[in-house]
Amino acid sequence: MKISGAEILWECLTREGVEVVFGYPGGANMPIYDAMLSYPVHHVLVRHEQGAAHMADGYARASGKVGVAMATSGPGATNLVTGIATAMMDSSPIVCITGQVHAHLLGGDAFQETDVAGITLPITKHNYLVTSADEIAEVVREAFYIARSGRPGPVLIDICKNAQIEQTEFTYPEEVKLPGYQPPSHAPKADLQKAVKLIENAERPVILCGHGVMMSGAEEVLQHFAIKTNTPVAMTLLGLGAFPASHELSLGMMGMHGEAHCNLAIQNADLLLAFGMRFDDRVTGTLNTYAPGAKKIHIDIDPSEIHKNVKADVPLVGDLKTVVTDLIPMVDEYEHEEWMKQIREWKADGDARSIMSWPDDGKLHVSHLVHDLWEATEGGAIVTTDVGQHQMWTAQYYFMEKPKRWLSSGGAGTMGFGLPSAIGAWFANKNEEVWTVVGDGGFQMTQAELSTAAQEGANVKIAIMNNNFLGMVRQWQEFFFEKRYSAVNMRTPDFVKIAEAHGIPARLVTKPEEVQDAIAFARDTPGPVLLEFRVEQEEAVYPMVPTGAALDQMLRRPVRTAVEKE
Amino acid sequence: MQYTLIALVEDKPGVLNRVASLFRRRNFNIESLAVGRTEKPGVSRMTIVTNCENDVDARKIEAHLYKLVNVIDVQDVTRQPSVTRDLALIKVKATPEQRSEINNLAAIFRARIVDVAPDSVIVEATGTEDKVEGMIELLRPIGILEMVRTGQVAMTRGEHSGIRRTPGANGNGWHAEEFVPVGAD
C-alpha cells in the first residue's frame, strides 16, 4: 500500500518513540501537519521557532532521548538556527524537521525558500535535504541514529513539499548503513595500561568531568572509579550533577567562575583525568599556564577533541562508560590523604569568603535566593537557566546531587535558553519539579513562550532575577572598562502583569522575608508560576578568572567581607 | 609545511561542500583539492593538499574529516611512500620561430605540446608539483597567456588497495611530542 511522504515521516517518528514534538506550521510543512492528526503525538505550538529548538534541547537533556523540533521553510527554519547552534555546542541530541519548497523550485528563490541545509551545515552534526518521498524512511532512521550515538548532536532534515505529498511504498529500514560513521567504544588495552601507570603513580590526581558523563550514562561508573581510587572530582558547568555535590570527593565547579579550591586543586594536580570534557577556554584559563605539573589522561568519544586545546599524555578515545568500566578492575585503591587535606584547607578559605556567610543586609542577593530555592526543593528540582550572572550563581549554589537536572547553555552561551528548555524538560518529566532561574535580560528574549507554557499548562516555575542590568556585561565593564557602563542598563516591564496577562499567577518579591513564602506559593500552585525578584543591582560573581589569566589567578571576593562578618 | 591527505567519501550531493566548509570553519587553508571517481561505485576520492604549521594541525584536520558522516576514510600520505602528480595546461605565446625552443623545453620535462595555433601553443605538463613549477618558471619569460592546473592527486605505493587509515586517526595511540598548545609563546 502506498502512503504519502508525510505519513512515512510520522510512521518513522513514532517508531523512534517520539511522543512530543515542538513546532510551528507554515506553507512548506502543511502536509506534515495534516498527516500528524492521525498519529499519537502531542504537538506543542511554540511562539517562536527558537523556542521549539530549545524545548527539544531541554527535552533531550532531561530525558536522554532525542528531542524533535519542526518548522516551515525560510524564516521558520532560520529561526531555529540559534537553538541548533546551542544544541551543537553542548552535544545535545535533537532532530529538526523543516519544510522546504517543491524540489523543482529549489534554487529559484521561490517564496519562503532559504538554503537551510547550507545555513545549518556548520552547526549540525549532519543534515539532509530530502527531495523525494522514497528517501524519507532511510533519512529519518539515520538522523535519529546519528543524533543520539557517538558524540550526540543536532541533525536537520529539510523535506521538500513534493516529497511530503508524493505517495510511495513504505518499508521501514531494518538497519542503518553508514560506512563512514562508526563511533568508537573501547579504547586499546595498551593505552589503558599506560593510563593505569599514571593513575598508580599519582599523588595529587583530579578527575575533570564534563557533559560527556551524562551523554554516555557514565555517572555510576564515574562514582565507582572516583571512590575506588579516592580521587577528587571537579565538574565543568555542564558536568554539574555528574557526581553528587554533597560527596566528600566533590570539588564542585571548575573554571572562570568555579570554586577557588577546585581551580587550585587543578593547577596543583600531578594528574588530570578528563572524563568527557573538552578543555574549553572557560575552564582552562590561559593554556600555557594550565595545570603545569599535571599529566593528562583524556577520555573522549570524539577524536578531534584529543590534543585540540590541551595535550593529552594518554588519549583514550571511546565511549566514556565503556572505557571507565574497563579501567576500574585495572586500578587499585589509593590513599591521597595529604592531597585531600590540602584541598580542605583551600576550601575553608573559600567558605570564609562566600556570600553565604554574609549577614542579612535587607537586600536580595541571587546567591541567597538560589540557596533558599535549593533548600525548599531539597536539591531535587530540574533547574534550567539563561546565561550570565544568575547562571553562575545558580551553578554555584544549587548543589546538584543527580545528573540530567542541570540544564544550561554552556558552549554557545545562549540567552533565552531558560524558559523554553524548562518547558521541554517538563514534557520529559511531568512528575518532576521544574524551575527556571533567569535574568531580566535573557528572559525577555524568549518571553513569548510564557504563552506556550500557559496553553500547555506546563508546570514550570519561573524565577526572574531582576537587577535592571545585563549583569555579566556590567560586571566586565566594572572590572575591565573602568566602570564605563555602556548599554547595560535595562528598564524592565512589570513582569507580574505580563504573567497575569497570560493567566499565569505571579508575585513580586523585594524583601528577604518574602522569599520563602513566594517559593512556597510557586510550589503549591499547579501550572506555570512566575516570581520576580528585585535583586541587588551591582553585584559581582566571584571568584573570577579574568581572560588572559592563569586558572589560579582568580579575582576573589574582597577579604574584608569575611572580617565584616565578625 | 605541505601535507597531503586522501579522503574516500560517499558520492552524494553536497559532500564537497561539507569538506570545504570544514576547512573554512576550522580555519585551515586548502592549497589544492582534486576530486574524482574511484574503482568502487558510489565512492569518490579527494586528494587535499593543505598548509599546516605542524603534524598536530594536520592530525586535527584528519580527525575533523573523519567526523564527517559521509567521509569513509582518511589517510595522511605526507610521509608515506607515494606517487603524487599534478597536471598543468599552459598556453604560451609562441611565434613560429619560438616553437622549437618551447619544444626543447617540453622534451626536457617530458611535457607535450597538445595544441598549436598561429601565435601560441598549449603545453601539457604532468609530474610532481616541483617539476611542474620548474617547467612554469622556464616558460614564464617566453610569455604565459593562460594556465590551468588540476591540483595534486596522490596514491601510496605498494599492492594494497584503497587507503589505510593513519594510525591514530581515530585518536588512539597518537602522541605528538612537539605539541604546542594554542596561545603558548
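Select chain A and colour by burial: of its 566 residues, 56% count as buried. The model is a predicted one. Along the principal axes, the C-alpha atoms of chain A fill a box of roughly 75 × 65 × 40 Å. The radius of gyration is 24 Å, which agrees with the value near 24 Å for a compact globule of 566 residues. Switch to cartoon, and the secondary structure of chain A comes to 24 helices and 20 strands. Among contacts in chain A with a separation of 6 or more, 76% join residues 24 or more positions apart.

Next, colour by domain. The assignment for chain A gives domain 1 (2-169), domain 2 (189-346) and domain 3 (364-535). Select domains 1 and 3 of chain A, whose C-alpha centres lie 29 Å apart. Their contact takes 25 residues from domain 1 and 26 residues from domain 3. On the domain 1 side, strand 2 (20-23), strand 3 (42-45), helix 3 (49-63) and helix 5 (81-89) of chain A each give two or more residues. Helix 3 of chain A has the largest share of that side, with 11 residues. By class, the domain 1 side has 11 nonpolar, 10 polar and 4 charged residues.

Now go to helix 15 (residues 337-353) of chain A and pick Ile343(A) within that helix. Is Ile343(A) buried or exposed? Ile343(A) is buried, because 21 other C-beta atoms lie within 10 Å and the cut-off for burial is 20 or more. Finally, draw a C-alpha to C-alpha distance from Ile343(A) to Cys262(A): the two are 81 residues apart in sequence and 8.0 Å apart in space.

How values were computed: Residues numbered from 1 in each chain as written. Chains lettered and ligands numbered in written order. Predicted model: local features only at pLDDT ≥ 70, side-chain atom pairs only at ≥ 80, totals over all residues. Helix = DSSP H or I, 4+ residues; strand = E, 2+ residues; numbered from the N terminus. Buried ≥ 20, exposed ≤ 12 C-beta atoms within 10 Å, placed from the backbone. Rg over C-alpha atoms; globule rule 2.2 N^0.38 Å. Contact = placed C-beta atoms within 7 Å. Domains from an automatic or database assignment. Nonpolar A, V, L, I, M, F, W, Y, C, P; charged D, E, K, R; others polar.
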